[in-house]
Structure formats: C-alpha cells, structure tokens
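Open the model in your viewer and keep the selection panel at hand.

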Amino acid sequence: MTQKECFKISRLTWGSVDCQELAQRFGTPLYVFDTGIIRARCRELRETFLDRWENTRVRYAGKAFLIRAMAKLIADEGLGLDVVSLGELHTALSAGFPPERIEMNGNAKSHAEIESAVKNRVGRIIVDHPDELRTIQNYAEKAGIVQRVMIRVAPGVDAHTHKYIATGSTDSKFGVPADSREGSMLTEAIKFARECKNVDMRGLHFHVGSQLFDTDDYTKSVEVILRLMKELKDGFGFITRELNMGGGFGAVINPKIPAMKSEFYTDAMMKTLVEGCENYGLEIPRAILEPGRWIISEAGITLYTVENVRTLPEVTYIAVDGGMADNPRFALYQAEYNAVKVDDADGEIYRPENGGKVSIVGKCCESGDILIDDAEIQSVKAGDVIALFNTGAYTFSMSSSYNYLARPAVVFVENGEAKVVCERQSLDDLIRGQVI
Ligand code: LLP
C-alpha cells in the first residue's frame, strides 16, 4: 500500500496495521516504521544508482535513525553504513553489520573511536581533520593493517537549507577547505598520508547539507571537486580513486505528495561527474552516497495521545503525551510536519470558530515545545490518537529524556504484522546508574 492509499479508508493504517490498534497495544508516544517503505527506498537506490552507474556504493547515514534492527535491515539490503561515534559503531557491530561496509565519519573523532574503527576493520575512515592521520597510522600499524581512508573537503558551496544543517561552506567546522595550493591543509594532509605506511588515502569526501530539494548544490560541488581532482593530480600526482558525495536528499513532509525520486539527484550528480572526468581527462572515481533522511524519514510516523485541548482567543492548543523530548526538530529547525486523527484520517479539518490557528504542542515545560505550529487536523478531544507523518529521521536519534520523559518504543510494521524492535524506556531505565 502506498502512503497515499492509507487514506482511502478513514482509519489510518501503517504497514497495513491499524494505527488506533497500534496505540492501544504498544502505548503512546510510539515511533512506527513501515519497513516496506524502507526496503523500497533501498531498492530504488539500487536500481537508479548502484545498477545504473558502474563502481558505485551507498552507505546509509546511521545518524538519521539507527537501532540494531535497522542495522540488520540495511545489511540485508546490501547497503553500507556511515557511523559517527563509538556508540553507532557498537550498535552496528552488535547487529552483525559487516565491518568492511562501514565507514566512520566525524569532525572530532576521539582516539578510542579511531582505535575501535581500525581494530574492527571498518572499510573506510573519513578523515575530517589532518591530525587524525597520525592516530590512524599508529593504530593501523599496531593492528598490522593498512587502513583505507578518504579526506573530507568543504567545497565552499552554501547549500539551500536551514543554516544548522548546511555544512559545505569554507568556514564550516567539517573537513578541510577545497584548496589545492602548496601548503594548504588539504595538500599537507595528502603529503603526510603518503608517508604513513599503514594508511591508504583513497580519495575525497564532501557533504554540503541536509534536506536539499534541488540539484544545484550537488552539481556545483561536484564541479568544484572535479577542478580540485585535476589540480591534485597535476600538482601532486594524487589520484582520486573514490569520491563520496555525502547525503542530503530531501524528504517531503506531506504524505499525500509524492516522494522525491533518488534519480533526480543521482542522475544530475553522476552526469556532472562523468562528463567532468572526460573533459579533464580524469579516471572516473568510485562514487559513493551517504543518504540518511531520504531512506528513513517518510517510513516513520509518531503516534501520540491527546491529553487536552484548550481554546484561547488566538490559538487552540492540542497538547499531546510527547513533544520535544521525542522530537526536538521544530524547536531546533522550525521543521514542519503534518498530522491526522488516526480514526478519522480523511475527515474534515477543524477550523476554530474564533478564527484562531491550531497548534499541536508537547508536554515539556517550555513554550517552544511545539510539534506543529499551524496545524491542519480534524477535530480532536482528550484520549484521541493522532499521527505525525515523516518523523522517521532525526527524531529517535535526537530524542532526550528532558523532564524525565521515557523514550518511546519503536515498532516495525509490514504486511499487517507489528513488532517492537526497541522497548519503551522504563522508569528504572531513567535512573539507571544514579547513586545517592
Ligand atoms: N553524511 C554526512 C557526513 C552527514 O553529516 C550527514 C548528515 C549525512 C551524510 C546524511 O544526511 P541526510 O541524507 O540525512 O540529509 N539533525 C538534522 C539533520 C542533521 C544532518 C547531519 N548530517 C535534522 O534533524 O534535520
């Protein structure tokens, strides 16, 4: 069933499971993921990128959403995984994720993270700061291996997105500037890597931003990188054998609007890369992508129970049993969502008689604890269950226990079956490790 078809019946179903029943069975707030949608995204990437273009790889960005069951699903779909911390690496390895398909990113990697990545034989470490090279060399020498690495560069492209999730400008805290001049951070790092016997510098990495809806930011970045590849080859004899072009594909917030097609992005990127390599006389490097949000966001919804409704002159507040603790994205980025009442999903939208707006808010002790500021939703009362769409990415992974709210459970649904893959935190989980 497509997301759109879910609305034909006015009771919302997800993965062919009735959402009202999910709420009753597992409680709310509840993160619900349709694994059919996740698999379909993985397969779309296979068809439109991996099978269409030679020598390509996809590494799912685990920061968007990673639990052991997700790691297993991604492994089964044959994709790789991008991790950014000891915790993400541990989660992946504990699920049996093949280490050679893992790459480690991160702008401030600790020695322990580098040591673990090397010891566990991850496929690539993406060097973000040149100092990492010495640490990688030390651990790789101890382990008696040659560690494959790439170096992250900032192409100097200001992506069209919220400033907190734009990462490609030259003054970004990520990577080194795309500067091929003698003595630059980049060329010094490349020279130093050559002296490291246990380090194999395979190529370049960039990631300009997240939630991108046009291809300009990508094609401009690829053009900058192509010039850089040419200059590095001519000036230093450095051959870029691999190019990681990051993630960032946008996810639509309204489930009635068709999702972005992966080939919209990948065709533009790959055409620019292939043509550019021909023009510059460069060999086409292995092309790698790291999408997170596009794979997971639209597969996820969050179910909440309405606690109360209060109508004020300018605004009607619908307060639910979760909020910024399970989803801080409005508070951080003014992220937009859509919601429905799950047992009247196609019903008429409620318009307060006083003409005010409707806001869906959480239960945390902050006025900024908003889920949807100006919502279009059916009339609801205390006890009703509502669903927020497109909450699969960066919600569970950015959740907190603010106000000592327990983190909701995660349920995977597909073909009418539902399974808890991460339990709701208990009250004891909340005080674990505390001593008096
Ligand atoms: N690769 C690198 C190096 C990244 O930093 C990121 C995201 C990705 C790939 C995946 O980007 P995606 O395909 O998911 O857009 N918390 C924010 C998003 C932060 C993105 C951080 N980096 C949010 O909730 O919107």
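Start with helix α8 (residues 216–236) and helix α9 (residues 262–280): their axes come within 9 Å and cross at roughly 25°. Axes here are lines fitted to C-alpha atoms, for helices over the stretch in contact, and angles run from 0 to 180 degrees between N-to-C directions. Helices are DSSP runs (H or I, at least four residues), strands likewise (E, at least two), numbered from the N terminus. The two helices, α8 and α9, are therefore roughly parallel. Angles under 35 degrees get that label; over 145 is roughly antiparallel, 65 to 115 roughly perpendicular, and the rest oblique. The crossing of α8 and α9 is right-handed, a term for a near helix turned clockwise from the far one by less than a right angle; anticlockwise is left-handed.

Now show the side chains. On α8, select Y218, T219, V222, E223, L226, R227, M229 and K230; on α9, select Y265, A268, M269, T272, L273, G276, C277 and Y280. These make the contact (heavy atoms within 4.5 Å). The α8–α9 contact residues divide into 10 nonpolar, three polar and three charged. Ala, Val, Leu, Ile, Met, Phe, Trp, Tyr, Cys and Pro count as nonpolar, Asp, Glu, Lys and Arg as charged, and the others, Gly among them, as polar.

This is a predicted model: local features need pLDDT of at least 70, side-chain atom pairs count only at pLDDT 80 or more, and totals for chains, interfaces and linings use all residues. Residues are numbered from 1 along each chain as its sequence is written, and side-chain values use heavy atoms, with hydrogens and water left out.

Next, select helix α7 (residues 185–195). α7 packs on α8 at about 55°, with the axes 12 Å apart. That makes α7 oblique to α8. This crossing of α7 and α8 is also right-handed.

For Y394, the corresponding distance to a ligand oxygen is 2.7 Å.

Finish on the backbone. T28 and P29 are joined by a cis peptide bond, with omega about -5°. P29 sits in the loop between α1 (19–26) and β3 (30–34). N55, not a glycine, has a positive phi of about 55°.

How values were computed
Polar contact = N/O pair within 3.5 Å; in protein donor to acceptor, adjacent residues only side chain to side chain.
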